[in-house]
Amino acid sequence: MDKKQIGQRLKELRANSSLSVDEVLQILKNKYGIEVRPNTLYGYENGRTSPDVDLFLALCKIYSCRDILYEFGYTDIKEIYNIHNPEEKEIIEKAVSGDQKARDLLI
């Protein structure tokens, strides 16, 4: 993903969170101690510049991104509950897709 695509995704996530730019800026300042100007946030969303790692992660937390790799197109499979055991992950993915036998294993 390039800067423009990342910016577009940040903008979509903000919109999906029903937050205005001003609300995001207030949360950044009050909760994370990060002060950003409105034009700077617009610059990120328009792909002109990129946030540093701390700011990027704070934005992801604000927008409730549980799986950053999935949200930003670096993997096609969304991590479910951050399970790293392949067998458990496979069972959960099958259960989510409607496999009754897998659902019975979870109960």
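**Stop one: a hidden glutamate**

Start by selecting Glu45, which is buried, with a relative accessible area of 3%. Keep in mind as you look around that this is a predicted model.

The side chains of Glu45 and Arg14 form a salt bridge, with N and O 2.6 Å apart. Is Arg14 buried or exposed? Arg14 counts as buried, because its relative accessibility is 13% and the cut-off for buried is under 20%.

**Stop two: a bridge inside one helix**

The whole structure has 2 salt bridges. For another one, select Arg9 and Glu12, whose side chains meet at 2.9 Å, N to O. Both sit in helix H1 (residues 3-16), and they are 3 residues apart, so about one helical turn separates them. Arg9 counts as buried at 17% relative accessibility, whereas Glu12 is partly exposed at 33%.

**Stop three: two crossing helices**

Next, select helix H2 (residues 21-32) and helix H4 (residues 53-62). Their axes come within 11 Å and cross at roughly 110°, so H2 is roughly perpendicular to H4. Which residues make the contact? On H2, show Val24, Ile27, Leu28 and Tyr32; on H4, show Leu55, Ala58, Leu59, Lys61 and Ile62. Colour them by class and you'll find 8 nonpolar residues, 1 charged and no polar ones.

Notes
Residues numbered from 1 in each chain as written. Predicted model: local features only at pLDDT ≥ 70, side-chain atom pairs only at ≥ 80, totals over all residues. Heavy atoms only, no water. Axes fitted to C-alpha atoms, helices over the stretch in contact; angles between N-to-C directions. Helix = DSSP H or I, 4+ residues; strand = E, 2+ residues; numbered from the N terminus. Parallel < 35°, antiparallel > 145°, perpendicular 65-115°, else oblique. Contact = heavy atoms within 4.5 Å. Nonpolar A, V, L, I, M, F, W, Y, C, P; charged D, E, K, R; others polar. Salt bridge = Lys/Arg side-chain N within 4 Å of Asp/Glu carboxyl O. Buried < 20%, exposed > 50% of the residue type's maximum accessible area, 1.4 Å probe, protein only.
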